[in-house]
Amino acid sequence: MIITRRAFTTMLSLTGLAALAGLSPLRFISDAMAQAAGDVAKPVSLPDMALGPKDAAVTITEFASMTCPHCAAFNEQVFPKIKSEYIDTGKVRYIFREFPLDIKAAAGSMLSRCIANGDAPKYFAVTDMLFRQQSDWVMKNTTETLTRIGKQAGLTQQQVEACLKDQALLDKIAADQKYASDILKVDSTPTFFINGEKIKGETSFEEFAKKINPLLKS
């Protein structure tokens, strides 16, 4: 389904994101199936935000929406264990890619990108904060709450507003989402690829370990 500009603008005004009303609509997704590891590895419009060495034996790529409660639960309960066990020990490279399911998710992703300014550890820290405060900024006045978070991270009011109005940034997020949908057949969040193998939905640490450990031995 593709949201029209009129529907998109109406949704923004209803969610307290009227400042974004001039931005182009995001494309919303359907389809499913896995693709080659080479397709997954290819960053499209935006540079990848990644932790862990580039030459790690295993690469995990997560596609997530900042408003997805399952993504927030994974971030809180499972990701810290993966980071401690595999990323911090240099065994896994972990890539996070935005797959916004609604305009609020897009705004959260835009803010993370603006605050981090290309710094991957900072990006992951801001994304973690947004997931942990998800109920605050998703359920309440989104622009107001995101502005507060942006200021806490060192941005000025003007910088937050400029970020949330950044047409080029939103277009890149939308283009990368389209690539994930059309080429990688991502249709829900969270979706993971472990060396190209697709895993859909919230997944336990034990399930990840079962997939990762044999790849480390091979």
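## The second largest cavity

Glu62, Cys71, Phe74, Asn75, Phe79, Tyr94, Phe96, Phe124, Thr127, Asp128 and Phe131 make up the lining of the second largest cavity. Two or more of the lining residues come from each of α3 (69-77), β3 and α6 (120-132). The biggest contributor is α6, with four residues. Keep in mind that this is a predicted model.

In volume, this second largest cavity comes to about 80 Å³. Sort its lining by class and you get seven nonpolar residues, two polar and two charged.

## The largest cavity

At least two lining residues each come from β3 (92-98) and α10 (167-182). Here α10 has the largest share, at four residues.

Moving on to the strands, β4 (residues 191-194) and β5 (residues 197-200) run antiparallel and are joined by four bridges. Thr191 sits opposite Lys200 of β5.

Together β4 and β5 make a hairpin, with two residues between the strands. Which residue in the turn has a positive phi? That's Asn195, at about 50°.

Key:
Residues numbered from 1 in each chain as written. Predicted model: local features only at pLDDT ≥ 70, side-chain atom pairs only at ≥ 80, totals over all residues. Heavy atoms only, no water. Pairing = 2+ DSSP bridges. 1 Å grid on protein atoms, 1.4 Å probe; cavity = no way out; pocket = protein on both sides within 12 Å on 5 of 7 lines; lining within 4 Å. Points joined across faces, edges and corners; volume = space filled by probe spheres on them. Nonpolar A, V, L, I, M, F, W, Y, C, P; charged D, E, K, R; others polar.
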